[in-house]
Every structure is written in C-alpha cells, then in structure tokens.
Amino acid sequence: MDEEKKVSRQRRYQLRHKVVGLCIICPKQATNNTYCLLHYKKNQECIKLRHKQRLRKDSEFRKFTNEYQTQRRIRKQLSEL
Ligand SMILES: [Zn+2]
C-alpha cells in the first residue's frame with residue numbers, strides 16, 4: 001500500500017498548514033493551534049449545534065423508553081388481573 005495515497009489531499013493540506021501554524025481551512029495565521037479566529041468561531045458553533053442535536057435526540061429517546069415501560073407495566077397489571 002502506498003502510504004501517501006491513504007491520506008487524502010485535503011487532510012495533507014490540513015496537516016501542512018498545522019505544521020507551519022496556519023489555519024487548517026484557509027491560509028490565514030492560526031490564532032489557536034488549529035484555526036484562525038473566523039474558523040475557530042465557526043467550529044465552536046458546529047460543536048454547539050451538534051451538542052444541542054444530541055441533547056434533543058436523548059430526550060426523545062428517553063420519552064420513547066418511558067412510554068414503552070409504561071405500556072409494559074400496564075400490560076403486566078392487566079395480565080395479573
Ligand atoms: Zn481559517
């Protein structure tokens with residue numbers, strides 16, 4: 001296997017920029033290790049959004065399991081009658 005080909009062109013671009021202290025998305029100077037200020041903010045928003053979506057999914061899942069357990073309890077009570 002050719003080691004060079006396993007890494008995508010985009011990934012190589014990102015690594016090269018990271019090494020020389022540039023934003024991994026654009027050719028600007030990075031303010032933290034990986035991103036320039038603009039892309040750092042964008043990235044933070046992305047993370048927040050993902051976190052929110054996960055929270056919503058979690059609560060839906062909880063609701064679903066709660067309903068399921070309630071139904072099971074009712075069925076059990078009915079069968080014991
Ligand atoms: Zn940038």
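**Entry 1. Terms and model**

I count a residue as buried if 20 or more other C-beta atoms lie within 10 Å of its own, as exposed if 12 or fewer do, and as partly exposed in between, with C-beta atoms placed from the backbone. I take helices (H or I, at least four residues) and strands (E, at least two) as DSSP runs, numbered from the N terminus. I note that this is a predicted model, in which local features need pLDDT of at least 70, side-chain atom pairs count only at pLDDT 80 or more, and totals for chains, interfaces and linings use all residues. Residues are numbered from 1 along each chain as its sequence is written.

**Entry 2. Confidence**

I looked up pLDDT, the predictor's confidence in each residue, from 0 to 100. The protein averages 90, and 94% of the residues score at least 70.

**Entry 3. Overall form**

I find 3 helices and 0 strands in the protein, in the order α-α-α from the N terminus. The radius of gyration is 24 Å, well over the 12 Å that the globule rule gives for 81 residues, so the protein is more spread out than a compact globule. I took this radius over C-alpha atoms, and the rule is 2.2 Å times the number of residues to the power 0.38. Along the principal axes, the C-alpha atoms fill a box of roughly 75 × 40 × 15 Å. Of the 81 residues, 4% count as buried.

**Entry 4. Helix α3**

α3 is hardly covered, as the count of buried residues among its 44 residues is 0.

Y68 lies in α3 and counts as exposed, with 10 C-beta neighbours inside 10 Å. Its C-alpha atom is separated by 24 Å from that of K52, 16 residues apart along the chain. Q77 is also placed in α3 and counts as exposed, with 9 C-beta neighbours inside 10 Å. From Q77 to S8, 69 residues apart in sequence, I read 59 Å, C-alpha to C-alpha.

Of the 11 residues of α2, the number buried is 0, so α2 lies largely in the open. I note that α2 is followed by G21, whose phi is positive, near 80°.

K28 is found in the loop between α2 (9-19) and α3. I record K28 as partly exposed, with 14 other C-beta atoms within 10 Å. Not counting residues up to four places away in sequence, K28 touches L22, C23 and C36; contact requires C-beta atoms, placed from the backbone, within 7 Å. K28 and L78 are 50 residues apart in sequence and 68 Å apart in space, C-alpha to C-alpha.

Note on methods. Contact = placed C-beta atoms within 7 Å.
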